[in-house]
Amino acid sequence: MTDAPPPFELLPGAGRSPVLLHVPHSAREIPDAVRAGIVPAGEELARELDHITDAYTDRIAEEAAELAGVTPWRFVNRLSRLVVDPERFPDEREEMLAVGMGAVYTRTTHGDVLRPDDVDAAPLVERYFEPYARAMTRAVADRLEAAGRAVIIDVHSYPSRRLPYELHGEGPRPAVCLGTDSFHTPPALLDAAREAFGETQLDTPFSGTYVPLEFHGKRPEVSALMVEIRRDTYMTEPGGPAGPGLERLAAALADLVDAVSR
């Protein structure tokens with residue numbers, strides 16, 4: 001037996017809900033076997049986790065689910081993105097490889113060594129990335145079967161000040177950035193998000209959405225939106241306590257869930 005948490009968890013919502021809240025980056029847990037291959041340790045690793053973790057986004061999603069009139073489903077990563085990043089491409093398609101942050105990171109948020117450049121990423125991809133991708137694909141397929149459509153809302157956060165790893169961080173940093181996809185983000189979903197959150201901008205400083213590859217660009221019944229919340233609106237940066245803004249944002253997310261569940 002092991003006390004290690006599961007790598008990810010699907011938390012059920014209402015049977016008729018089309019909504020899947022996806023929380024990929026909220027955890028700090030790193031299995032010992034994976035930690036052994038990571039160069040930073042102690043306070044240095046803790047500080048990197050402060051910068052890279054979307055702290056409390058699992059709580060925001062949980063409270064939103066409790067507040068929503070129709071309970072959404074939640075898919076939550078229980079391991080740090082320093083293990084693998086489930087939202088990256090695991091191959092040369094991933095633009096973040098330019099800064100050592102593909103599916104398996106080799107560099108930190110500040111460009112320092114996280115893993116050796118010649119690390120064999122394949123075992124981590126096989127052990128953690130591929131099962132995650134399969135499980136998300138099944139979760140979306142289940143919503144399609146149950147509700148006739150699926151709405152993936154990616155719940156993220158980002159720092160108020162640009163970190164060195166950001167490829168496109170020169171633009172505005174709104175309270176809420178809405179990441180979109182030309183195929184999977186319909187106008188009605190954007191309108192609902194703007195109504196729920198208030199101050200928003202599109203695709204700055206981060207862009208795009210997460211859709212499992214089986215459906216990407218193929219199934220318009222799968223809609224998707226990335227919600228990037230600026231961290232100073234709900235917590236002390238980096239890695240500090242949550243503040244009262246968390247409840248306000250959870251309520252706004254619940255409003256979005258309700259608007260797209262009708």
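For the counts by class used here, Ala, Val, Leu, Ile, Met, Phe, Trp, Tyr, Cys and Pro are taken as nonpolar, Asp, Glu, Lys and Arg as charged, and the others, Gly among them, as polar. The structure described is a predicted model.

The largest pocket holds about 960 Å³ of space. Its lining comprises 40 residues, and those nearest the centre are Glu 87, Arg 88, Glu 94, Ser 207 and Thr 209. Two or more lining residues come from each of α4 (122-147), β4 (150-158) and β7 (222-230); of the elements, β4 gives the most, with four residues. By class, the lining of the largest pocket has 17 nonpolar, 10 polar and 13 charged residues.

Rolling a probe the size of a water molecule over the atoms shows where empty space is left. The structure holds one cavity of 30 Å³ or more, and the volume of the largest cavity is about 70 Å³. The residues lining the largest cavity are Pro 7, Phe 8, Asn 77, Leu 79, Ser 80, Val 83, Val 84, Pro 86, Tyr 128 and Tyr 132. Eight of these lining residues are nonpolar and two are polar, with no charged residue in the set.

The axes of α3 (residues 57-67) and α6 (residues 245-261) come within 8 Å and cross at roughly 55°. The two helices are therefore oblique to each other, and α3 passes α6 in a right-handed crossing. On the α3 side the contact is made by Arg 59, Ile 60, Ala 61, Glu 63, Ala 64 and Leu 67, which meet Leu 246, Glu 247, Leu 249, Ala 250, Ala 251, Leu 253 and Ala 254 of α6. This contact has 10 nonpolar, no polar and three charged residues.

Helix α5 (residues 187-197) also packs with α6, at an angle of about 150° and with the axes 8 Å apart. That angle makes α5 roughly antiparallel to α6. The crossing of α5 past α6 is right-handed. From α5, Leu 189, Ala 192, Ala 193, Ala 196 and Phe 197 take part, and from α6 the partners are Leu 249, Ala 252, Leu 253, Asp 255, Leu 256, Ala 259 and Val 260. The contact of α5 with α6 counts 11 nonpolar residues, no polar residues and one charged residue. Leu 249 and Leu 253 of α6 take part in the contact with α3 and in the contact with α5.

A few backbone details complete the picture. Most residues other than glycine have a negative phi, and most peptide bonds are trans. The peptide bond from Thr 204 to Pro 205 is cis, with omega near 5°, and Pro 205 sits in the loop between β6 (200-202) and β7. Another cis peptide bond joins Glu 237 and Pro 238, with omega about -20°; Pro 238 belongs to the loop between β7 and α6. Tyr 56, a residue other than glycine, has a positive phi, near 70°, and is placed in the loop between α2 (42-52) and α3.

Terms used. Residues are numbered from 1 along each chain as its sequence is written. This is a predicted model: local features need pLDDT of at least 70, side-chain atom pairs count only at pLDDT 80 or more; totals for chains, interfaces and linings use all residues. Side-chain values use heavy atoms; hydrogens and water are left out. Axes are lines fitted to C-alpha atoms, for helices over the stretch in contact, and angles run from 0 to 180 degrees between N-to-C directions. Angles under 35 degrees count as roughly parallel, over 145 as roughly antiparallel, 65 to 115 as roughly perpendicular and the rest as oblique. A crossing is left-handed if the near helix is turned anticlockwise from the far one by less than a right angle, and right-handed if clockwise. Contact means heavy atoms within 4.5 Å. On a 1 Å grid over the protein atoms alone, a cavity is a set of points where a 1.4 Å probe fits but cannot get out, and a pocket is an open set with protein on both sides within 12 Å along at least five of seven lines; lining residues have an atom within 4 Å of a point. Grid points are joined across faces, edges and corners, and a volume is the space filled by probe spheres set on the points.
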